[in-house]
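This report describes helix packing and aromatic contacts in a single model. The sequence and structure are shown first, and the description follows.

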Amino acid sequence: MRKHKNYKIFLSREDRLKLEQAKRIIVDNMLDPLSVAELALQIDLNVYKLKVGFKEMWGTTIFGYLRDMRMEKARFLLSGTHKNVAEVAQEVGYSNPSHFSTAFRKKYGINPHEYANHYRSL
């Protein structure tokens, strides 16, 4: 077996399929995410290969991917529904609306309330 030129670790075809499965599990469990150890057990991959392989394949950490998916869903909800910021925060897995607002502002450079008002006024 040879090391793939784009990876720092060897990822077999089976490993890559397991990492794809991990992405689906992360999205499916966005409200109550699994720990890295639980995720590794569920896809039958060791924690190191899960963490390093995930970063190698998608350029982000498992937690970074989860946060990005939460923010994408939040952006969709804020622009396409009449839910308030606290409702959206809870729907994407944030129990604290303030933490959600901080994460949203960091990702998109705008307060979620302002974002929602902008898209609802169009």
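## Helix packing and aromatic pairs

Just after helix 2, D44 adopts a positive phi of about 60 degrees. The model discussed here is predicted.

Helix 2 spans residues 36–43, and within it L39, A40 and I43 are buried. Viewed down the helix axis, these buried residues fall within an arc of 100 degrees, so they line one face of helix 2. Their packing partners are helix 1 (13–28), helix 3 (47–58) and helix 4 (62–80).

Helix 4 also takes part in a contact with helix 6. Two packed helices are described by the angle between their axes and the distance between the axes. For helix 4 and helix 6 (residues 97–108), the axes come within 10 Å and cross at roughly 95 degrees. Angles of 65 to 115 degrees count as roughly perpendicular, and helix 4 and helix 6 are therefore roughly perpendicular to each other. On the side of helix 4, the contact is made by D68, M71, E72, A74, R75 and L78, and on the side of helix 6 by F100, A103, F104, K107 and Y108. By residue class, the contact of helix 4 with helix 6 comprises seven nonpolar, no polar and four charged residues.

The structure holds seven aromatic pairs. A pair of aromatic rings is described by the distance of the centres and the angle of the planes. Two of these pairs, F54 with W58 and F104 with Y115, are set out below.

| Pair | Distance of centres | Angle of planes | Class |
|---|---|---|---|
| F54 and W58 | 4.9 Å | 55 degrees | tilted |
| F104 and Y115 | 5.5 Å | 65 degrees | edge-to-face |

F54 and W58 both belong to helix 3; being four residues apart, they are separated by about one helical turn. How accessible is F54, buried or exposed? F54 is buried, with a relative accessible area of 0%. W58, at 24% relative accessibility, counts as partly exposed, because the buried class requires a value under 20%.

The rings of F104 and Y115 are 5.5 Å apart between centres with planes at 65 degrees, so this pair is edge-to-face. The pair links distant parts of the chain, with F104 in helix 6 and Y115 in helix 7 (residues 112–120), 11 residues apart. F104 is buried at a relative accessible area of 0%, and Y115 counts as buried at 11% relative accessibility.

Both residues also belong to a cluster, in which ring pairs link Y94, F100, F104, Y108, Y115 and Y119.

How values were computed:
Residues are numbered from 1 along each chain as its sequence is written. This is a predicted model: local features need pLDDT of at least 70, side-chain atom pairs count only at pLDDT 80 or more; totals for chains, interfaces and linings use all residues. Side-chain values use heavy atoms; hydrogens and water are left out. Buried means under 20% relative accessible area, exposed over 50%, partly exposed in between (1.4 Å probe, protein chains only). Helices (H or I, at least four residues) and strands (E, at least two) are DSSP runs, numbered from the N terminus. The arc is that of the directions from the helix axis to the C-beta atoms. Contact means heavy atoms within 4.5 Å. Axes are lines fitted to C-alpha atoms, for helices over the stretch in contact, and angles run from 0 to 180 degrees between N-to-C directions. Angles under 35 degrees count as roughly parallel, over 145 as roughly antiparallel, 65 to 115 as roughly perpendicular and the rest as oblique. Ala, Val, Leu, Ile, Met, Phe, Trp, Tyr, Cys and Pro count as nonpolar, Asp, Glu, Lys and Arg as charged, and the others, Gly among them, as polar. Rings of Phe, Tyr and Trp (its six-membered ring) pair if their centres lie within 6.5 Å; planes under 30 degrees apart count as stacked, over 60 as edge-to-face and the rest as tilted.
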